[in-house]
Amino acid sequence: MHNGVHILGIESSCDETAAAVVRSGEQTESNVVLSQMATHGIYGGVVPELASREHLRGIAPVVRQALKEAGQDYRSIDAIAVTRGPGLAGSLLVGVSYAKALAFSLEKPLIAVNHLEGHIHSVLLEEKQRNNREIGFPVLALVVSGGHTHLFLCKPLGRSFEPKSNEALMHRAGDGNAMPAAGVAWKYELIGRTRDDAAGEAYDKVAKLLGLGYPGGPVIDRLAKHGDARAVPFSTSQIKHRERGAESANFFDFSFSGIKTAVLRYVELNAMRDQVEARRKKLGAIPKPSSQDYLDACDRRTLDLVASFQHTVVEDLVTKTMKAAEQFQPATIFVTGGVAANSELRRRFEEVSAQRGLPVYFPSLRLATDNAAMIAAAAYPKFLMQEFADFHFSADASLALR
Ligand code: KG4
Ligand code: ZN
């Protein structure tokens, strides 16, 4: 029986090959993610050529697995959605080419999705899944990951989040069932973005320079709990901005390359280099280091440094987001993307949002990092609007979200 709209999502913008099936933008039927961590780990960061090769290797089995787990097949799905950008050009191209070939041969509609829109919709997907219909708009979304640190003001154009049954809002879906339009078209206003490194990139670079491996976020998150966050007084990574007013568009921009350099300087000034090398060797010899292994490899000064770094980054993200909230008066805050998995970031956002009476939502850890369920979910309003891509569109490494 055909029940709802089943969209197959494909995501390959960075170092995860992912496919998922989501029903009607609100029910995840499958969510398969093939991580390339093992390939890139030894280099301490994503190597673009290797990423493309791994996507080529993984994409067909990952899509097959996602269909199988959802109890679907190539014929039964209603549409194919794919990440068009932003991301690594060669990686995006694998997903886009594969999705185009599938859509062409199966004669299914193809939907191009912006990766950042996907991260925003990961929150909506899960809230709908738990039947939360209370989300107020506009939403101020902080998308914070290894590649991005962006603040967007998000509005569904002209309509509420989930319109009540209303003839005027009914659209015909693939099987002829009338479907309510879930939020119609979305409008995204860019409020601020990083001028240099993304926050996740700073986590990864700091972890690398401290001999803690890749990716750095989860390791620093765990180690920071054991250090004194006030021990090293880093100044907030505040970039120079012009006065509020005419140039206020710059006011909410971020910059995280300064703090990375400050950590490096601290390591050098305190003669920690030999210790870092020893740690790199020690952890490198353990196939899958446990939290205790990481902890045993760090002295107090390193733990304090890690905790102080995290404290500075988290406070900057929280403070600027809350300042933007004061100016733009959103009804809700979303914090999403890989760094939204960070426990201190969540704790601090929950604290300040409770103080201000402004609800904040995060995706689950599984949906915070790159996945294709968020791509299939973001495609659903576009499916209802029949906003389909033609076969001439191409991957766009620096695609803007509007
Ligand atoms: O969203 P994502 O999977 O990929 C991009 O679109 O970039 O995010 C990956 C990033 C990495 O930089 C990783 O270190 C960071 O998210 N990350 C974290 C945590 N878990 C992942 N950063 C801080 N704390 C975490 N718990
Ligand atoms: Zn991402």
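Is His119 buried or exposed? I get 0% relative accessibility, so His119 counts as buried; the scale I use is buried under 20% relative accessible area, exposed over 50% and partly exposed in between, with a 1.4 Å probe and protein chains only.

**Ground rules.** This is a predicted model, where local features need pLDDT of at least 70 and side-chain atom pairs count only at pLDDT 80 or more, while totals for chains, interfaces and linings use all residues. Residues are numbered from 1 along each chain as its sequence is written, chains are lettered from A and ligands numbered from 1 in the order in which they are written, and side-chain values use heavy atoms, with hydrogens and water left out.

**Confidence.** I checked pLDDT (the predictor's confidence in each residue, from 0 to 100). The protein has a mean of 90, and 89% of its residues reach 70 or more. One is residues 160–181, for which the model has 47 contacts beyond four places in sequence, a contact being heavy atoms within 4.5 Å. The other is residues 240–249, with nine such contacts.

**Overall.** I count secondary structure as DSSP runs numbered from the N terminus: helices are H or I with at least four residues, strands are E with at least two. That comes to 13 helices and 12 strands. Of the 402 residues, 55% are buried. Among contacts with a separation of 6 or more, 77% link residues 24 or more positions apart.

**Ligand 1.** Which residues come nearest to ligand 1? I find Gly146, Asp204, Asp221, Asn342 and Asp370, out of 21 residues around it; to be near, a residue needs a heavy atom within 4 Å. By class, that shell has six nonpolar, 11 polar and four charged residues. For the classes, Ala, Val, Leu, Ile, Met, Phe, Trp, Tyr, Cys and Pro are nonpolar, Asp, Glu, Lys and Arg are charged, and the others, Gly among them, are polar. Helices H4 (115–129), H5 (199–209) and H6 (216–224) each supply at least two shell residues, and H6 gives the most, with four.

I then looked at the oxygen atoms of ligand 1. A backbone N or O atom of Asp370 lies 2.9 Å from one, a polar backbone atom of Gly200 is 3.2 Å from one, and a polar side-chain atom of His115 lies 3.4 Å from one. The protein covers 91% of the 550 Å² of accessible area that ligand 1 has on its own.

**Back to His119.** His119 lies in H4. What joins the side chains of His119 and Asp370? I find a polar contact of 3.1 Å; the term means a pair of N or O atoms within 3.5 Å, where within protein one must be able to donate a hydrogen and the other to accept it, and residues adjacent in sequence count only if both atoms are side-chain atoms. Leaving out residues up to four places away in sequence, I list among the residues His119 touches Val143, Thr336, Ala368 and Met374.

**Asp221.** This one lies in H6 and counts as buried, at 10% relative accessibility. The Asp221 side chain makes a polar contact of 2.6 Å with the side chain of Ser343. Other residues that Asp221 touches, beyond four places in sequence, include Gln310, Ala341 and Glu344.

Where are the cis peptide bonds I noted? Gly85 to Pro86 is cis, with omega near -10°, and Pro86 is in the loop between strand E4 (79–85) and helix H3 (89–106). Tyr214 to Pro215 is also cis, omega about -5°, with Pro215 in the loop between H5 and H6.

I also noted positive phi in two residues other than glycine. Glu107 has phi near 55°, sits in the loop between H3 and strand E5 (110–114) and is exposed, at 73% relative accessible area. Asn131 has phi near 60°, lies in the loop between H4 and strand E6 (139–144) and counts as exposed, at 55%.

Key
Areas by Shrake-Rupley, 256 points an atom, 1.4 Å probe, with all protein chains shown as cover.
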